[in-house]
Amino acid sequence: MLNGIWLGFFLVAFLAALWQWLGMGDTEIFSRLVAAMFDMAELSVEIILVLVGTMTLWLGFLAIAEKAGLIQLMARILDPLFRRLMPEVPSGHPAQGHITMNFAANILGLDNAATPIGIKAMHSLQELNPSRDTASNAQILFLVLNTSSLTLLPVTIFMYRAQQGAAEPTAVFLPILLATTASSLVGLLSVSLMQRLKLWHPVVLAYLLSGAAALGLLLTTLAGMSAQALGATSTLVGNLTLFGIVISFLVIGALRKVDVYDTFIEGAKEGFSFTISLLPFLIAMLVAIGVLRASGVLDAGLAGVRWAIEGLGWDTGFIEALPTAFMKPLSGSGARAMMIETMDTFGVDSFPALMAATMQGSTETTFYVLAVYFGAVGIRKIRHGLGCALLADFAGMLPAILVCYWFFG
């Protein structure tokens with residue numbers, strides 16, 4: 001699918017350029033396309049150079065967290081909940097540990113650890129699956145919750161905003177938290193409805209009501225604040241949370257006799273190779289999107305959406321962030337490139353860029369996760385998995401728009 005999308009960007013841009021040259025007499029159109037290609041390639045390298053440092057820093061701290069057993073601790077905290085939500089998984093089965101460790105890794109922003117653990121979890125669930133090519137209830141719930149994005153700390157988005165020169169890279173922390181909470185809740189409820197899960201079980205209710213109480217307290221605290229105050233609060237909470245977690249990693253690691261310095265160095269060594277591996281994907285998507293915008297196709301499409309929204313009498317401030325929303329379910333690298341291109345075009349602290357960053361963090365890449373997780377175990381019949389996952393995507397994007405108007409005006 002991504003192959004077709006990428007190729008389509010270039011072909012559509014070429015056809016649009018031919019029309020502007022032959023039909024409108026614009027002899028400079030191909031010069032703009034070539035310039036856009038090289039400009040986006042240069043921008044990709046600049047982004048990667050900054051990300052090398054920040055990714056190395058974060059992977060070093062995460063190595064300490066892993067060695068200190070913090071992921072295993074979070075797994076034990078989440079285990080009682082998932083034993084009730086996945087009743088067909090026997091108590092003590094390895095799948096329970098893999099599932100809870102996957103979610104714990106996602107919550108901490110350990111993307112590089114979450115995916116292999118998630119594939120292990122899917123293999124463990126496949127052992128319990130009576131129909132080898134059809135997704136089980138437990139596999140579907142696991143997939144949908146992964147696609148709804150459970151990340152507490154969207155560190156990667158903070159890093160991209162910092163690279164683009166944001167005054168406060170963590171200003172989108174609370175908007176992303178609210179949007180991804182809505183996405184995860186709708187994903188859980190939709191699967192529960194399809195599978196008739198007993199959400200009223202005391203243990204499940206305890207988790208859900210605790211989360212609802214925390215969210216309600218947050219919303220009550222934020223209610224009545226001005227957009228400026230909300231932005232400042234999001235920045236403060238984001239920075240405090242991020243640095244507080246780093247200090248927790250260090251202190252708990254030291255108390256558990258982890259050699260925090262050497263462990264940091266070992267984890268940080270992965271940062272360079274991991275970040276450099278992103279460069280081809282980033283160049284590929286940024287160049288394609290740059291060509292599409294230079295050809296006028298992207299702006300024309302957004303102009304059509306803007307015309308429709310204006311006809312309904314709605315505000316059109318969110319239109320420029322929609323490319324990120326449209327790409328997110330299809331491709332993580334594509335959505336990331338759309339977000340960066342929006343930041344580069346309108347300014348990193350502009351309203352479209354802030355909304356694009358919030359959309360990027362509100363859900364996961366549905367089709368990619370579905371292909372990797374189900375493909376790893378040979379699942380062909382996905383039942384209600386895709387429908388529930390896409391519903392969760394929509395439930396994340398709509399609140400992302402609303403909370404951005406609330407926070408950033």
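Val 251 is partly exposed, at a relative accessible area of 43% (buried means under 20%, exposed over 50%, and partly exposed in between, with a 1.4 Å probe and protein chains only). This residue sits in helix H10, residues 227-255 (helices are DSSP runs of H or I with at least four residues, strands are runs of E with at least two, and both are numbered from the N terminus). Together with Phe 243, Ile 247 and Leu 255, Val 251 makes a nonpolar surface patch of about 410 Å². Patches are built from residues with over 30% relative accessible area and no salt bridge, joining like charges within 9 Å and nonpolar side chains (Val, Leu, Ile, Met, Phe, Trp, Tyr) within 5 Å. The areas come from the Shrake-Rupley method with a 1.4 Å probe, and for residues only the protein chains shown count as cover.

A word on the basis: this is a predicted model, where local features need pLDDT of at least 70 and side-chain atom pairs count only at pLDDT 80 or more, while totals for chains, interfaces and linings use all residues. Residues are numbered from 1 along each chain as its sequence is written, and side-chain values use heavy atoms, with hydrogens and water left out.

## Salt bridges

The whole structure holds five salt bridges, each a side-chain nitrogen of Lys or Arg within 4 Å of a carboxyl oxygen of Asp or Glu. One of them joins Asp 133 and Arg 380 at 3.3 Å, N to O. Asp 133 is in the loop between H5 (111-127) and H6, and Arg 380 in the loop between H17 (366-375) and H18 (385-408), so this pair ties together parts 247 residues apart in sequence. Arg 380 is exposed, at 65% relative accessibility.

Glu 266 is partly exposed at 48%, whereas Lys 269 is exposed at 54%.

Ser 149 lies in the loop between H6 (137-147) and H7 (155-163) and is buried at 6% relative accessibility. Beyond its neighbours within four places in sequence, its contacts (heavy atoms within 4.5 Å) include Thr 180, Ser 184 and Glu 364. The C-alpha atoms of Ser 149 and Gly 290 are 28 Å apart.

Gly 290 is among the buried residues of H12. Just after H12, Gly 296 takes a positive phi of about 90°.
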